[in-house]
Structure formats: C-alpha cells, structure tokens
Amino acid sequence: MKKLTALLLAAVLLCAVLLSGCGGKTETLTLNVYNWGEYISDGSEGSFDTVREFEKWYAEAYKQSIHVNYDTYASNEDMYNKLSTGAVSYDVVVPSDYMIARMISEDMLQPLNFDNIPNYRYISDQFRSLYYDPENLYSVPYTYGVIGIIYNANVVDEADAGGWDLMWNRAYAGNILQFNNSRDAFGTAQYKLGLDVNSSDPAVWDQALAELKAQAPLVKSYVMDEIYNMMESGEAAIGAYYAGDYFTMLDNQSENVDLRFYYPERTNYFFDAMCIPKSAQHKELAEIFINYMLSEEPAIANAEYICYASPNSLVYENADYADEMGEEAMEILYPELEDFTALYNEYAYRNLDQATLDYLNTLWEALKIS
Amino acid sequence: MKMKPLSKVYTALVLLFLFAPILILLVFSFNQSKSLSVFSGFTLYWYRELFRDAETLKAVRNTLLLAVSSSLLATAMGTAAAVGIHRLRSKYLRAALDTVTNIPMINPDIITGISLMLMFVFVGRLFGAATSLNFATMLIAHITFSLPYVILQVLPKLQQMDKALPEAAMDLGCTPLRAFWKVEIPEILPGVLTGLIMAFTLSLDDFVISYFTAGNGFQTLPIRIYNMTKKTVTPKMYALATIIFFVILALLLISNLSDDDTDRKLKAAREKRKAKRAAAG
C-alpha cells in the first residue's frame, strides 16, 4: 500500500510542479499564433520549418529568445468563436476575407503598424484594397485561391467539360460530388445561373435551391475533404474544389484515373490574410512575425507546402519556385486575369446578414432532407 | 449444434466490423503514397516523418500529460468520494449523492464543455486575467468528466466488501486509517485500477470538452487532427494512430492479466481465512 500512497503523492507533486511551471519563463518572449491546420511549412518531408526558423532568426536578430505557441483551427467560425469568448488571446490570426470583414465590423482587429512590416511592398497592387479591407489597415494577404472543377478524363468526355453544366450533366449521374457546406454548394448553383452569391433577396436563394434540387438525384455524395480520396480512387469523376488542392489529388491519383482541371467562367475567389486581434498581447512581435512570413525563404516554402497561390511577388516571380511547381501548376494557380481586383470583388463571398444566413440554413436543411 | 457455425460467422462479422477500420489504417500507415485507395509499396517513411513533426509530438505529449495527471487525480478524488458516499448513514442522502455524481456522466459532452468554458471565462474575468484558459482549466475539466466513472467503479467494490473486515481489523488494534489502507484498499483495488484506466482512456479520447477548454499553446492530439481537415490528414497520422492502438492494446492486456491476478490472490486469501476460521471453529 505504500506504493499507492507514493503514487498519489507523486501525482499531487507532479501537478504542483506543472501548475507552477505555467507562471515561470521570464526571459523568453512568447508569441501566440493561430492558423489553419496544415497551413504552414512545418519541416515535414524535408521542408522548411517556418516556426522554428523564425525563433532562430529572431534570437539572432534581436538577441533575445522567443517561443512561438502555434495553435491551429479548422474553420473561420471555430477561430471566431474561440476568440470572441475572450478566453484565449492570440497575436496573429489568419481568417478568410468575409471573416476579416466581420471581425473589423465587430471591432475585433487592430490596425497594423506597417513600419514594422516593410515586406508589405512585395504584395502587388491588385491584391490590395480588396473589399474586406478597403483601406489596407488590418490585414496582410497570406494566400488566395479560386474554385475550379476537377474531373476524371477517363470517364468524362472532354467535350462536356467547360462550365458549371458539367456538375448538372445527366450522363454522369452518380459520379458527381457537391460541397457539403451550404455556402459553397449554393455558390455553385448561383455561379451557374449568374446570380449574386451575396444577395439578401430570398428569391435568389430559392432559385439556387431549385437548381440544387434538380442536381440532387445526380449527386453521389455531399463531401468536404472526403473529395480527395473519392477523386483519387476514381470512385467519383466530377467535383468542384480549390485549385491548389487539385494538385494534391493529381499526385495521389490511381493508375486508372486521369484528373483534369478547369475554371468555369464565374467562380469563387478567396483570400486568407494575417491579422492582429484586439486582444493581442504582443503587437509588435506579431508585426515582426508577419513581416518574416513575407520574406523570401519562408514565403516560398509556405507557398510550396500549402500549394495555394501566393500574393507575394517574391514568390510568384521566383524562377526556382516556378520550376518546383511545374508549368501546369503555375498556369492554374496564377491564371492570367484581366482585372483580378474587379473579379474578386464581384464574386468573392461576403459576410451575409443574419436573416439571410438563417434563410440559407433552412434551405440547406430542406435540400439535405429531400 | 446447428447454431454453432452460424454463431461463429456472426462473431466473425462483429469482429470484422470492429477491427476492419483499424486494420485499414494500420495497412495504409505503411503505404508509400498518400493515397487511401492504392497500396503502392511498403515503407516506414510516415513513421520517420511522424517523429520529425515537432508540433504533433508536442500534441501527443500534451495529451499524455493531461491524461496521466487527470486520471491520477480523478482516481484519488473519486476513491475518496466513493468511500465517503459508502459510509453515509442516511439512505436518501446516499441516493441523492449518487445521482448528483452521475449527472456529468449523462450530460452531453458539448454541454459540459461549453458550461465549463463559460465558468472559466467568468472566473478569469473576475480576477482580471488576460486569458482564462490554460493547462489548469483543462485539467479541471478532465477531472470533472472522469470523476463519476471512477466512483462508479469503486462504489460497487465497497458494497461487495464484507463490512466486518475493517471492523475486525480495528478490533485487533488497527487505527481506522491503518485499517483503511491495509484492509479496505486491497479489497477495492481492482475497482480503483479499472477506474484509473477508464479515466485515462476517457481523457485520451476526449475531443469535445477539450475543444472548448483548450487555451493558448496547449492543444491535444484529437484537436490537432480535427484541425487538419481543411487540407488532408497526412498518413503520418495513420502511423500515430497505429502506435497508439498498440500501446492501448498492450495496456489493456497487462491490466486484464493483473486483474485476473489480483482476483485470484484475493480469492486465495479469502479461502485461507475461511480455512483458518473453520480450523479454529
């Protein structure tokens, strides 16, 4: 029985040590970063370990050690909920465009001091002054992307490919994948019909619902990240997803699958950008971190790791990066668009008002039940 | 006799459904490509990658730290609570306490999680802390939800125990404390150990409550894996899951064997006592 007593005492001691350990650490600075999962080059498969390299770089440049607490989230809403309770405090977050607009309107972000972010000069003009941050006060773009359609050329006739119509083509019934989240699924129907994806008019959403209901018998399943395995294995032949993710599928496709990709005429554009929340405790450190993320080596490593397009000219004008990605990837990731800003501002998702969001949810449930 | 082949098939099917997913995970953790559909060749590459992934290893360490400390504390507190409940004279009070301790167990995780988070935020604000969630709050949360399972394991063992045993020990000169450690604890030890193991696995498993109570810089493994779903979950997670599966399997085997062992010892001791009593009588 002495053993058990010892065990219990040890447990109590362990906890005491742990609790006191939380308060210590006076010498080392701490930076709290909150980013999407798998959204930074992390040293896996021989890549650049961004967070550790930043710590090393900072220690050398400022003669003080720093520790980065790097946490991840799975969706904008997860991040927003966690932050808005005030239970946690992060110095850098990376929300998507519509969430940035919402957080600015709710006074959750603070203006950046661009004197600490000189590398912002590498963000070209077409990626500045976008609708979510028109005066470029709160955000530094990290990645962007466009939704396109992926199809298996062994199943789909090339002649049928081209527009959103492919996802409504009866010839491929049971081979089509649709998004399993309301905004993106309704988006496909709205882009197809040429409707406004940010409309607050219920009639627009009703029209999109009718289109989705017409599609429902042809749909194999409603998926999010399951799309990777289903497209790679040939289990499904048609699906819409982000351009960057198409290359992941291409790398892993089975022998009897031949994946191709194209952009429909109207489609979704998104931005994820680095911001500093109001509750941040180390604003200047956060700005130094953001600036570091824009410098050449980390920016290229992250763009290669994430495989989404980078708004940083140090990346997309770099010859080695273009070589590494390959010609096809560069063409798809960085499509030649006449006026990116205008297209983006027209087709990107914006924050919907609560009434429209509620209505969208009702329609989405109606679609999933039918 | 006719049923026998059929029941064999049935058992096989049940086992298949239980273990096929784990088997697939295990097989594909050795796959050369990232695909889950084609097995292109055997490799230990993902295991090597796993041990290079500092953030994932940190998440594993966090998870284990939390599971070990919360299960030990919950077991100590739960055993004490069970002993207390068992000694209550009033039947009604005992029933009431029993019900109260069972509530967190029946309560949906999401409610436990959100309410704990709200409480921590409230208390944090009260004391003017900049952040209210940290390792300590997560530890409290994990102890909270595993406590009733420990009580549930220990209480029946106390009820099974012959009440005369500790009394006899005290008659023979033991102090109450000594009688508790020397007589009661060995009797209820199997329950305590099962409670400990349950608390440990529950803590290891938990996603929902951890998700709501996780603070800055302390993410557990389930949270990390969930957050990978914007992109794909890489095969190094299959490798990690395979390792965890085998570690848990080993723990389970050891605990079952030692359980049998303690049971046998207890039975043998009881037989001896009976024999002695018979001889004396």
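Okay, let's start with two helices: α3(B) passes α8(B) in a right-handed crossing, meaning the near helix is turned clockwise from the far one by less than a right angle. Helices here are DSSP runs of H or I, at least four residues, numbered from the N terminus. One caution: this is a predicted model, where local features need pLDDT of at least 70, side-chain atom pairs count only at pLDDT 80 or more, and totals for chains, interfaces and linings use all residues. Residues are numbered from 1 along each chain as written, with chains lettered from A and ligands numbered from 1 in the order they are written.

So, back to the pair. Helix α3 covers residues 54–87 of chain B and α8 covers 176–205; they pack at about 145°, axes 8 Å apart. Those axes are lines fitted to C-alpha atoms over the stretch in contact, with angles from 0 to 180 degrees between N-to-C directions.

Who meets whom? On α3(B) we have, among them, Ser70(B) and Ala74(B), and on α8(B), Ala199(B) and Phe200(B) are included. Contact means C-beta atoms, placed from the backbone, within 7 Å. The contact residues split into 8 nonpolar, 8 polar and no charged. For that count, Ala, Val, Leu, Ile, Met, Phe, Trp, Tyr, Cys and Pro are nonpolar, Asp, Glu, Lys and Arg charged, and the others, Gly among them, polar.

Next stop, Met161(B), in the loop between α6 (135–160) and α7 (164–171). Leaving out residues up to four places away in sequence, Met161(B) touches Glu184(B), Glu187(B) and Ile188(B). The C-alpha atoms of Met161(B) and Glu184(B) are 7.9 Å apart.

Technical notes. Contact = placed C-beta atoms within 7 Å.
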